[in-house]
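This report is an introduction for a reader who has not seen this structure before.

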Amino acid sequence: GIVLVAINPYEQLPIYEQDVIYAYSGQNMGDMDPHIFAVAEEAYKQMARDEKNQSIIVSGESGAGKTVSAKYAMRFFATVGGSASETNIEAKVLASSPIMEAIGNAKTTRNDNSSRFGKYIQIGFDKRYHIIGANMRTYLLEKSRVVFQAEDERNYHIFYQLCASSSLPEFKDLGLSKCWHIPVLWW
């Protein structure tokens with residue numbers, strides 16, 4: 001299959017804007033510079049032509065920009081699939097991200113917000129190839145981080161957020177006032 005090597009520049013660049021999506025839409029792979037939109041266009045085109053499911057695998061080390069690349073691919077599909085303004089599917093699919101990050105992200109020596117989850121996002125299209133929905137599944141890959149952290153690393157953010165909010169009145173409603181065994185988890 002097609003392999004794209006991308007580097008996370010850690011800043012917004014003008015290479016992911018709406019006009020770039022339209023520039024890659026309808027193009028053949030190799031006609032333009034390598035880009036996440038070229039990969040997304042190829043998958044979209046093959047889905048429509050062959051009427052078969054397609055997959056895009058986004059892989060890389062911590063901080064490589066996997067989540068951002070997946071967002072760009074979803075933005076491409078929403079735009080070329082005629083769904084960008086109608087459903088804003090990208091925003092809906094990723095709306096749970098802050099909650100998932102609190103529960104599934106931790107501080108590592110290489111990344112302050114490193115995802116410990118693997119994500120599988122399935123985007124559904126109708127017969128006209130418009131996005132009609134999405135489903136995201138997560139897989140907790142590094143269970144060992146629950147009970148052990150390397151030096152200079154931190155456990156899942158949720159533990160720290162719970163402790164930091166323990167004095168708030170809303171905390172009492174959560175029924176967690178007797179769970180102060182949590183600090184044991186980040187020795």
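Is Phe 37 buried or exposed? Phe 37 is buried, because its relative accessible area is 0% and a residue counts as buried under 20%.

## Model and overall fold

The model is predicted. The chain has 187 residues, of which 30% count as buried. Seven helices and four strands make up its secondary structure. Along the sequence, these elements follow the pattern α-α-α-α-α-β-β-β-β-α-α.

Among the contacts in the chain with a separation of 6 or more, 50% come from residues 24 or more positions apart.

## Aromatic pairs

A pair of aromatic rings is described by the distance of the centres and the angle of the planes. The count for this chain is nine aromatic pairs. One of them joins Phe 37 and Tyr 72, which are edge-to-face, with 6.5 Å from centre to centre and 85 degrees between the planes. Phe 37 belongs to helix H2 and Tyr 72 to helix H3, so the pair ties together parts that are 35 residues apart in sequence. Tyr 72 is buried as well, with a relative accessible area of 8%.

Tyr 44 and Phe 125 form another pair; their ring centres are 5.9 Å apart and their planes stand at 65 degrees, so this pair is edge-to-face. The pair links distant parts of the chain, since Tyr 44 is in helix H2 and Phe 125 is in strand E3, 81 residues apart. Tyr 44 counts as buried at 13% relative accessibility, whereas Phe 125 is partly exposed at 21%. Phe 37, Tyr 72, Tyr 44 and Phe 125 belong to one aromatic cluster, which also includes Tyr 16, Tyr 24, Phe 76 and Phe 77.

## The largest pocket

The largest pocket has a volume of about 1,500 Å³. It is lined by 45 residues, and those closest to its centre are Ile 56, Ala 70, Lys 119, Tyr 120 and Ile 121. By class, the lining is made of 20 nonpolar, 16 polar and nine charged residues.

Which elements each supply at least two residues of this lining? They are helix H2 (36–50), helix H3 (66–80), helix H5 (97–104), strand E2 (114–115) and strand E3 (117–125). E3 gives the most, with nine residues.

## The second largest pocket

The second largest pocket holds about 480 Å³ of space. Of its 22 lining residues, Leu 4, Val 39, Ile 56, Ile 57 and Val 58 are the closest to its centre.

Two or more residues of the lining of the second largest pocket come from each of H2 and H3. H2 gives the most, with five residues. The lining divides into 12 nonpolar, eight polar and two charged residues.

Asn 105 is in strand E1, which covers residues 105–106. Is Asn 105 buried or exposed? Asn 105 is buried, with a relative accessible area of 3%. Its side chain makes a polar contact of 3.1 Å with the side chain of Asn 113.

Neighbours within four places in sequence left aside, Asn 105 is in contact with Met 100, Asn 113, Ser 114, Ser 115, Arg 116, Asn 155, Tyr 156 and His 157.

## Two residues with positive phi

Most residues other than glycine have a negative phi. Tyr 129 is not a glycine, yet its phi is positive, at about 65 degrees. Tyr 129 is in the loop between E3 and strand E4 (131–140). With a relative accessible area of 22%, Tyr 129 is partly exposed.

Asp 152 also has a positive phi, of about 70 degrees, although it is not a glycine. Asp 152 is found in the loop between E4 and helix H6 (157–164). Asp 152 counts as exposed, because its relative accessibility is 57% and the cut-off for exposed is over 50%.

Conventions:
Residues are numbered from 1 along each chain as its sequence is written. This is a predicted model: local features need pLDDT of at least 70, side-chain atom pairs count only at pLDDT 80 or more; totals for chains, interfaces and linings use all residues. Side-chain values use heavy atoms; hydrogens and water are left out. On a 1 Å grid over the protein atoms alone, a cavity is a set of points where a 1.4 Å probe fits but cannot get out, and a pocket is an open set with protein on both sides within 12 Å along at least five of seven lines; lining residues have an atom within 4 Å of a point. Grid points are joined across faces, edges and corners, and a volume is the space filled by probe spheres set on the points. Ala, Val, Leu, Ile, Met, Phe, Trp, Tyr, Cys and Pro count as nonpolar, Asp, Glu, Lys and Arg as charged, and the others, Gly among them, as polar. Buried means under 20% relative accessible area, exposed over 50%, partly exposed in between (1.4 Å probe, protein chains only). A polar contact is a pair of N or O atoms within 3.5 Å; within protein, one must be able to donate a hydrogen and the other to accept it, and residues adjacent in sequence count only if both atoms are side-chain atoms. Contact means heavy atoms within 4.5 Å. Rings of Phe, Tyr and Trp (its six-membered ring) pair if their centres lie within 6.5 Å; planes under 30 degrees apart count as stacked, over 60 as edge-to-face and the rest as tilted.
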